[in-house]
Amino acid sequence: MTIRLEAIRECFEGVVPATMSTASPDGTPNLAYLSQVQFVDGDHVALSYQFFNKTRQNIMANPRASLILTHPVTVAQYRLTLQYLHTETSGPLFEVMRAKLAGIASHTGMGGVFRLLGSDVYKVLAVERLAGESLPAPVPPCNLLSALRTTTARLAACTDLERLMAELLSCLRQQFNIHHAMLLLLDEPGSRLYTVASMGYEESGAGSEIPLGQGVIGVAARERTPIRIGHMTSEYAYSRAVRESAENSEWACALETAIPLPGLPSPRSQLAVPFTAAQRLLGVLYVESPLDLRFAYDDEDVLVSVAVQFGMAMQILQAAAADAGEDAAAPPPAPPRQEGAPLVVRHFAENDSVFLGDDYLIKGVAGSILWTLLRDFFDKGRSEFTNRELRLDARVRLPDVSDNLEARLILLGKRLVDRSAPIRIEKTGRGRFRLCVERPLTLHAA
């Protein structure tokens, strides 16, 4: 019976080290354990190249090899016959394997030893099941195909971006039993991602940022490829690694206004999935777990499909919001009574950062939006606004590539709630919202 490579992907998780046999030109055999074997597609695998050892010497001289894989649960064994093709030292495949190797190295106490030099790509010539007893395969914890069907239907039914984000997180929890997740969007035309929604954490982290290329999330975004790690790794632990790398980079000056990124202190499993539309990066869906090997190849596949659906729905809703009108204005309610000492709101035009008193709130486009609304509230007594007029307001300086106004308003609203600010944004209808101010304000432009 022909065995498809896709059917034995669990063997590539690295729980049981693979063994590789090669031969020198004179026929002398060599057997070695491998740190990592990566499934590429139905005809190819990639092996980690870390040292120029006897195995590497043999492959360079004689490109045929045999690989033994063991299923981590059933202990069934398979032999792959391989033909070496080439080595990749950059790009999506290399970054995926480097991230996984960091997790394996940290898990085995070899963080200072394991370093990926390249990803050796092999063509799989044959897959053979070896004789021997095996254990029964476990029952999957959930039906991923059924969960995907339900999720795509719920996402397709959403009529606005805020509902779409809420449904995505709800489906992750209810359909896939995932309890820690973040949704980050690309801050176009910049080089960073910002958190717009999350679940499972004490703080939402709305507005926290990740530079492209930093950690699992940043690398997945830069390479536009999913990255999955099955063990804890200090190299890709965001609470420490991203800040430490930022301290030694051009981002150091921004740390004083950094919003802490949410996340588990010691995640054992991580999966970052970028989502795009029309070949344009929109953001990253990130999930994590305190359990080792929580996310397998099948989980990666289904979350990639969810991310594709989410990206398309987001693009459609944003385009519809930009073209649509707004509901008729309803009579505004009586403004809330403003009590207490005046709140000093400071705005710094250099990066549009906004402080409430001495506390940092937000910056960038969201900061520019808030400052524009507050100026109109303070100078003109306005509290009712429409998305359309805000999109056309030159003071906001929305990016030309994609204004993403609705996402910025969602972010701003969440950030105000997180800080228990006496300022709120309330949606009052399609394309309309209200600014509610509960304390007297003093505006200061720095």
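At what angle do H4 and helix H10 pack, and how far apart are their axes?

Guide: Happy to. Please keep in mind that this is a predicted model. H4 and helix H10, which covers residues 405-418, pack at an angle of about 65°, and their axes are 9 Å apart. An angle of 65 to 115 degrees counts as roughly perpendicular. The two helices, H4 and H10, are therefore roughly perpendicular to each other.

If you want to find this contact on your screen, look for Leu161, Glu162 and Met165 on the H4 side. They meet Glu406, Ala407 and Ile410 of H10. Sorted by class, the contact of H4 with H10 has four nonpolar residues and two charged ones, with no polar residue.

Helix H3 (residues 144-156) packs with helix H4 (residues 161-176) at an angle of about 160°, with the axes 10 Å apart. That makes H3 roughly antiparallel to H4. The crossing of H3 past H4 is right-handed. From H3, the residues taking part are Leu144, Ala147, Leu148, Thr150, Thr151, Arg154 and Leu155. Their counterparts in H4 are Leu164, Glu167, Leu168, Ser170, Cys171, Gln174, Gln175 and Phe176. By class, the contact of H3 with H4 comes to eight nonpolar, five polar and two charged residues.

Now let's step away from these helices to the sheets.

Take S2 and its partner as an example: strand S1 (residues 18-23) runs antiparallel to S2, and six bridges join them. One spot to look at is Ala23, whose bridge partner in S2 is Pro29.

In one of them, the ring centres of Tyr84 and Tyr122 are 5.6 Å apart and the planes are at 70°, so the pair is edge-to-face. Tyr84 belongs to strand S6 and Tyr122 to strand S7, so this pair ties together parts that are 38 residues apart in sequence.

To finish, there is an open sheet of four strands, ordered S16-S15-S14-S20, and its pairing is mixed. Strand S16 (359-362) and strand S20 (441-445) take the edges, each with a single partner strand, so each has one side left without a neighbour in the sheet. The twist here averages 25° from one strand to the next. Strand S14 (residues 343-348) and S20 run parallel and are joined by five bridges. Across that pairing, Arg346 stands opposite His444 in S20. Helix H8 (residues 364-380) packs on this sheet and touches S14, strand S15 (353-356), S16 and S20. Its direction makes about 125° with that of S20.

Note on methods. Residues numbered from 1 in each chain as written. Predicted model: local features only at pLDDT ≥ 70, side-chain atom pairs only at ≥ 80, totals over all residues. Heavy atoms only, no water. Pairing = 2+ DSSP bridges. Axes fitted to C-alpha atoms, helices over the stretch in contact; angles between N-to-C directions. Parallel < 35°, antiparallel > 145°, perpendicular 65-115°, else oblique. Left-handed = near helix turned anticlockwise from the far one by under 90°. Contact = heavy atoms within 4.5 Å. Nonpolar A, V, L, I, M, F, W, Y, C, P; charged D, E, K, R; others polar. Phe/Tyr/Trp six-rings, centres within 6.5 Å; stacked < 30°, edge-to-face > 60°.
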